[in-house]
Amino acid sequence: MAPGALEQKQMISSSTKSQLSLALNRNNIHGNPTSEDAVITHQYTQIDSFPLIKTHWDIKSDNYMFKRKFNDLNLTQEVMLPENVMNIFLSAESLNSENPDYVIKNSLNNIKYVIHIFRRQEKRTTRESKFITGLLEQLFVHSENMCMDVIECGGLEIILEECRSRDTTTLQNCARALANLSLFGGAKIHKLMIHHHAHIWLFTLAFNADDSVKYYALLTAAVLATDKDIKAAMDNCDTLNLIDPFIATHFTADFDRIARMIGRCQGEDCRWLQRLVPVLSCDRREAHTMAAFHFSVKVGLQSQCLRSRIAETFRTIGAIVPLKNLAGSLNNVTSELAAKALWCIGEQVPRSLSQEVPRWTVNDVLQWAKSVGFGECVESLAENQINGDLLLKLTEKCLKIHVGLYNGIMRKRFTRELHKLKQLADYSCKDPTNLNSFLQSIGPEFSVYTYSMLNAGIDYDSISSLTDDRLAYECGIKNSIHRSIILNSIKGER
């Protein structure tokens, strides 16, 4: 018997010992028992804290319940007492770290049985849907192995089927279940979610009228966006693009409204939040903005006396550093959300960087490098006195020779972050004719060429004289398709 199982056995035994007599009749489940449909008396006993069902002589095999063609899951719920399965699981939450695993492992057969019966139902009542989705929400917050076990017996299919429901509580359970599954499931489970089109349902849930359903659908999308193996699927489903509008309408909402929106999230403890920390450092801005919003709300909803406890939790799970990196980012919304979370727990909020990148000092560049995950480059950047002007001129060759990034993958990562910076930068101090606005009108990705074109002596007033050779050799635009698009856009301006 596992450590502490005896005490656990006594706790569960005292709350679950009961007798239930059910009269089963083909036509009326509440009718009098016949010779064929005799009274079934269920006595709960405890063997290693696992409830076993003992029946009278008329139960002829373990498959008796399956052979009975129940048309209503309510009867199955009474016989199996699934509420007791849920109660046993919930009681495990308050036990030590070893006992919950023991209880849940030994309750898994009952849980799988309930899931199996539910899947056999042709028609499901709202009560049944609420029950099963609530149960699955709890199971998906336990461990990756539990998530996989439940998926294998059809748990994920049930959640996605119930996403068609019109019942708000059921949809809230579904959204939270998917959030838990994305956090506690690994890469293999993320692929299974995509295989079963969970990301498509997230897009649908994100348009639900209920704020809580929207919230957890978007949070799930943010978590899945951190998995590189499913990046293409997440990019194509457009759910991440709904995060900015959602935050814009909820950022200034009062705490009561936010509390109703978040609702309960079973298992949102240190373990739950810890799995959300990597999202704070992911490449997709919408995703780490959503994570920053969650951490900001999490601490904002607490009373002042509880914030010290939240602060300790944030330090334990390693959330402080990524929050500080985001607080110093160029995106105003992300920066403000992260800064709010830090301020509420008494942490020093780093200075927000100006968007006028050409005027950055060396210290500004070092702060930016740290915020995008290149702290190892700080020393070489400082030695070479790389300020904002020089940063915008860096090429991959310069990164290798002067910054010391010899690893090709690291150079590509740095270049990608630099491209993002160039898109966000404010060039007005060097761009009086607003060349950047013209390039942005072509597409946001074209604004990365603004500074190189300005340094080549080209502004908006002189673009009519541009040739393909000038764009390629003087401006350093290597992409021939981009050069062609720019030249065609210039012709359209004439």
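A residue counts as buried when its relative accessible area is under 20%, as exposed when it is over 50%, and as partly exposed in between, using a 1.4 Å probe and protein chains only. With that in hand, welcome to this structure.

The model is predicted, so local features need pLDDT of at least 70 and side-chain atom pairs count only at pLDDT 80 or more, while totals for chains, interfaces and linings use all residues. Residues are numbered from 1 along each chain as its sequence is written, and side-chain values use heavy atoms, leaving out hydrogens and water.

**The whole chain**

The protein chain holds 30 helices and three strands; these are DSSP runs numbered from the N terminus, with helices being H or I of at least four residues and strands being E of at least two. Of its 494 residues, 51% are buried. The chain exposes about 23,600 Å², and carbon and sulfur atoms supply 50% of that area, as computed by the Shrake-Rupley method with a 1.4 Å probe.

**An enclosed helix**

How many of the eight residues of helix 8 are buried? Six are, so helix 8 (residues 155-162) is largely enclosed by the rest of the structure. The buried residues are G155, L156, I158, I159, L160 and E162.

Helix 20 (residues 320-327) and helix 21 (residues 332-344) pack with their axes 7 Å apart, at an angle of about 140 degrees. The axes are lines fitted to C-alpha atoms over the stretch in contact, and angles run from 0 to 180 degrees between N-to-C directions. That angle makes helix 20 oblique to helix 21, since angles under 35 degrees count as roughly parallel, over 145 as roughly antiparallel, 65 to 115 as roughly perpendicular and the rest as oblique.

From helix 20, I320, L323, K324, L326 and A327 meet T334, S335, A338, A339, A341 and L342 of helix 21, where contact means heavy atoms within 4.5 Å. By class, eight of these residues are nonpolar, two polar and one charged. Here Ala, Val, Leu, Ile, Met, Phe, Trp, Tyr, Cys and Pro count as nonpolar, Asp, Glu, Lys and Arg as charged, and the others, Gly among them, as polar.

Most residues other than glycine have a negative phi.
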